[in-house]
Amino acid sequence: MKKSYDELTFTDDFLFSRIMQDEEICKGVIEVLLGIQVERIEYLNAQQEKKFDMEAHGVRFDVYVKDSDRIFDIEIQTEVTDELLKRGRYYQSMIDIDSLYSGQSYRDLKESYVIFICLDDPFDLKYPVYTFKRGIVEAPPEAMFTHDDETSLVFYNTSAWAKSEKPELKMFLKYLKTNTAAEESPLVSSIDRAVRHSKRNEKWRRNFMTLAMKLEEAREKGREEGREEGLEAGLKAGLEEGLEEGAAAQRVQDTAEFAQRLVKMGLSAEQICEATGLSAEDVEKLKAATLAG
């Protein structure tokens, strides 16, 4: 079932990526999740595109943040899949490539965190937090992480919020899972106010409704083309399934054709990136070719 704009919560990608543009909220989320202090955020961007080769698999970070010494990628994960660990591995590699310039030493690589906030348990162990770090297999447990490469892959399981021993983290995870705000948590209170305020943001509402409408038009056209060719190519409903819905239509059209249709419908490059998963560079090239044709 598709959500209306008024039904969106902080865990919906549309609001999550926008509310996390508030630097104080973003800073607070990082501090509560990791138990560290963040003095200031030097760079903050939602839906950050990274693709270093036209043939390479691109990634679109939900929230990509840097401070003076560290890099944080924060992903909201509404559906658990069996590829999360390798997805985290790939995201980490893209962060490293992006953070080291030609001529720099490997020693200049920043400490980095790839964070997945999951609404369900990603590993079925009922832990509220799963932290992956590289260590020496042959080393005794107390010395396993002595030689730390300063990378961390962390999964938060909001469904196990009650097991968290950290009060602020517990209230934050509970809010994400139940949408119940705890007044005693400054972070949760500020997020909940931002969510309620977003319902009065007419620009965001128009963007959401425009994207939903255009995607529905594209899905309907895909269904019609599928019927004409005798294929069952109907796309599953649901705005959050954007890229998966496009994949269902691959029997009758590829991603480029889908993106071309969105260009002709007048969507912005940002909306096309969000709907198809294409990089901004690829969309601009496709847009120029489509309009020239």
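I started with α9, which is mostly covered, with seven of its eight residues buried. Buried here means under 20% relative accessible area, with exposed over 50% and partly exposed in between (1.4 Å probe, protein chains only). Helices are DSSP runs of H or I with at least four residues, strands are runs of E with at least two, and both are numbered from the N terminus. The buried residues of α9 are Ala-269, Gln-271, Ile-272, Cys-273, Glu-274, Ala-275 and Thr-276. After α9 comes Gly-277, with a positive phi near 85°.

A note on the ground rules before going on. This is a predicted model, and I kept in mind that local features need pLDDT of at least 70, that side-chain atom pairs count only at pLDDT 80 or more, and that totals for chains, interfaces and linings use all residues. Residues are numbered from 1 along each chain as its sequence is written, and side-chain values use heavy atoms, with hydrogens and water left out.

Next I checked how α9 sits against α8. Helix α8 (residues 255-264) and helix α9 (residues 269-276) pack at about 145°, their axes 10 Å apart. The axes are lines fitted to C-alpha atoms, for helices over the stretch in contact, and the angles run from 0 to 180 degrees between N-to-C directions. I noted the α8 and α9 crossing as right-handed; a crossing gets that label if the near helix is turned clockwise from the far one by less than a right angle, and left-handed if anticlockwise.

Which residues in α8 meet α9? I found Thr-255, Phe-258, Ala-259, Leu-262 and Val-263 on the α8 side, against Ile-272, Ala-275 and Thr-276 in α9. Contact means heavy atoms within 4.5 Å. Sorted by type, the residues where α8 touches α9 are six nonpolar, two polar and no charged. For that sorting, Ala, Val, Leu, Ile, Met, Phe, Trp, Tyr, Cys and Pro are nonpolar, Asp, Glu, Lys and Arg are charged, and the others, Gly among them, are polar.

Then I picked out Cys-273, in α9. Cys-273 counts as buried because its relative accessibility is 5%. From Cys-273 to Glu-284 I get 11 residues in sequence and 9.9 Å in space, C-alpha to C-alpha.

On to α10 (residues 280-292), where I looked at Val-283. With 1% relative accessibility, Val-283 counts as buried. Skipping neighbours within four places in sequence, Val-283 is in contact with Ala-269, Ile-272, Cys-273 and Leu-278. Val-283 and Ala-256 are 27 residues apart in sequence, yet 8.9 Å apart in space, C-alpha to C-alpha.

I moved to α2 (residues 23-34) after that. How many of the 12 residues of α2 are buried? The count is 10 of the 12, so α2 is largely enclosed by the rest of the structure. Among them are Ile-25, Cys-26, Lys-27 and Glu-31. At the N-terminal end, Asp-22 caps α2, with a side-chain oxygen 3.0 Å from the backbone nitrogen of Glu-24. Following α2 is Gly-35, with a positive phi near 65°.

Last, the whole chain. I count 10 helices and six strands, and 47% of the 293 residues are buried.

Note on methods: Polar contact = N/O pair within 3.5 Å; in protein donor to acceptor, adjacent residues only side chain to side chain.
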